[in-house]
Amino acid sequence: MTISCQLHEARRLEALNKLNLLDTPPSEAFDRITRMAARLFNLPIAAVSLTDADRQWFKSRVGVEHTSIPRLGAPCGEVADSSRVLVIPDLLRDELFRDTPLAASGIRYYAGAPLTTVDGHCLGAMCVLGTEPRETTQAELDILSDLAAMVMAQIEMQHALGRMDPLSGLPNRNQFIEDFQDMQRDRPADEQRLAVLVNLATPDQLAHAARALNPSFLDEIVVDAAAWIRAEAGPRRKVYHVAANQFALISEAGVAMADYLPALEEKMEHAISVSKLRFVITPSIGVVPFEIGTADGLSVLRQAQNAAHDAIDSATRVAVYSAMEDGLYRRRFNLLNDFAAALISRDQLRLVYQPRIDIASGECIGAEALLRWNHPTLGPIGPGEFIPLIERSGLAQATTAWVLNRALRQQQAWRAAGLRLQLSLNVSAANLLEPDLADRVVAELEQYGLPPECLELEITESAIMEQPVKANAMLEALAGTGVHLAIDDFGTGYSSLSYLQRMPANVVKIDQSFILGLEDDYRQQGLVRTMIAMSQDLGHRVVAEGVERGDVLAFLRSAGCDEAQGYLFARPLEVDAFGIWCRESSEWGDAVAASMPRSEPRALCSLARPKASLAASRRRHQAR
């Protein structure tokens, strides 16, 4: 059995066991259906047969004394595996079943229809059996399928799967799925419809309301919304309560999207304008076009939910499902799920290093460690795609721990080789809320025998401002260990003099958005000069990120900037390439320093290196 088949069977058994049907007493409700089946087919045996892991257990039976038989060789087991109607006109002439215990007991005829849940799990079969060979008409197959549907309706009713939401009084998601399936059977194939989902509020808004208000307040929102949606939909449209704060409906056939959307937008605008909660919750509507015969209810609901989520940020609060956006969202979800495995793999994650240059001396005095991911099937995933996902997830702490360990291990190796650099790492907002972050950083430094000043942690302003009290307390604790701190992406967040005064930072890194294009923008040059002077007046060393041109470097030198980082010097480099870069950049920097104008950089590393060709070194550096 393949892994996918094993997983399917495990889920099927889980669905069966959740219903608590196995080994329960007889029920007249089921026996009535079983007797009807035997009479309609004029056969001596009929049963509601549930397929357990190793047996067929009869919830109801006519003409059978025993309550179960082995699953192996039982036709009902085949029905459970295939989820299809099975007819065996003569067991003794069937290759699969002629040697089974059932055939040996005198059974010659079998017909079974699957007992299938709303979620698509087959529990077993509604079956009829005879002692003589027999043919089956299509009308009889239809009757058997109807009887199976009656059994499932009885199961769901008896086990409180329900069809109505007790709060709103509207049919629930189970009823939506069942009605959707009926529509697929009853309506013409290729008929175009629209599914509409109304989302009352975002999860965060509901959580805030639950904390601040009486729980009945949320119930009132749902009840009021249900009444409004039902009134707007009209008596001919069925409205479903498909989730705690979500309602759905299906449009009539032939409705054009071009006409439907403006009407929805108008209704939404009016509802928001008159709502007393318009400043507390953000309702939105998602619309999904689908075609009868090619769609399933669960997929349509998921797509409508995606569209409703996209609509939250739109001007009209109404959005149509986008397959492209859906694909991007599913990719992000899958990447986040796959990254957990990457953290424990041996070859998916690695660090690369980008040099930081002292502008006055041209010396390489530091490096920023940057995380890279090579996905086993998708290949390289850009940090701009996966890092934001990680920072907003529960993997942020584990990721920083991985980076810290690998970076300090490399720092130890560099120092053993005589290379003295300060190594910078990025820290997310989630890390600043870890109560033991400072202790773990100190423990890692001690493990590798490294002094705290060899490590610099970079924190963005926005990360600090998510929970400023806790974040600043952790920054003070980190500063107390001797580790250096840097404000990353300065100028893009909540920059202010009071903020800079409070944070125990050693370095301010001016975001590259202020550096790119600086050579032709005099207003931007004035702003950068002010940022440099202000930061230095407050005691911070200033690093310019994204330096790609010599004339920009010349301006930064004239403005008194302390350090620079960017493609002018090197892209992020693999470990071995970083060592080569240090040797080569030192040699061409030393060789041309005397003849080079002050507007050009000297890029040095504090490590003695052998001589090499200046021209060859520069060619190799530029090729990388």
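Predicted model: local features only at pLDDT ≥ 70, side-chain atom pairs only at ≥ 80, totals over all residues.
Mentor: Residues are numbered from 1 along each chain as its sequence is written, and side-chain values use heavy atoms, with hydrogens and water left out.

Trainee: Which element supplies the largest share of the lining of the largest pocket?

Mentor: A pocket here is an open set of points on a 1 Å grid over the protein atoms alone, where a 1.4 Å probe fits, with protein on both sides within 12 Å along at least five of seven lines; a cavity is a set the probe cannot get out of, and lining residues have an atom within 4 Å of a point. The largest pocket holds about 1,300 Å³ of space, a volume being the space filled by probe spheres set on grid points joined across faces, edges and corners. Of its 41 lining residues, L370, I387, E391, N426 and D488 are the closest to the centre. Elements are DSSP runs numbered from the N terminus (helices H or I, at least four residues; strands E, at least two), and the largest share, six residues, comes from α12.

Trainee: How many residues of that pocket's lining are charged?

Mentor: Asp, Glu, Lys and Arg count as charged, Ala, Val, Leu, Ile, Met, Phe, Trp, Tyr, Cys and Pro as nonpolar, and the others, Gly among them, as polar. The lining of the largest pocket has 17 nonpolar and 14 polar residues, and the charged ones number ten.

Trainee: And the largest cavity: which strand gives the most to its lining?

Mentor: A search of the whole structure turns up one cavity of 30 Å³ or more, and the volume of the largest is about 60 Å³. T400, L404, L425, N426, V427, L437, V441 and L457 line it; by class that's six nonpolar, two polar and no charged. With three residues, the top contributor is β15.

Trainee: What is the bridge partner of V507 in β19?

Mentor: In β18 (507–510), V507 and K509 point one way, V508 and I510 the other, and all are buried. β17 and β18 run parallel, joined by three bridges, with A486 opposite V507. On to β19 (541–545): four bridges join this strand to β18, again in parallel, and the partner of V507 there is R541.

Trainee: Which strands are the edges of the open sheet of six strands?

Mentor: That sheet has antiparallel pairing and the order β3-β2-β1-β6-β5-β4. Inside this order, β1 (45–51) and β2 (55–62) share six bridges, and T51 stands opposite Q56. Pairing on one side only marks the edge strands, β3 (68–70) and β4 (86–88).

Note on methods:
Buried < 20%, exposed > 50% of the residue type's maximum accessible area, 1.4 Å probe, protein only. Pairing = 2+ DSSP bridges.
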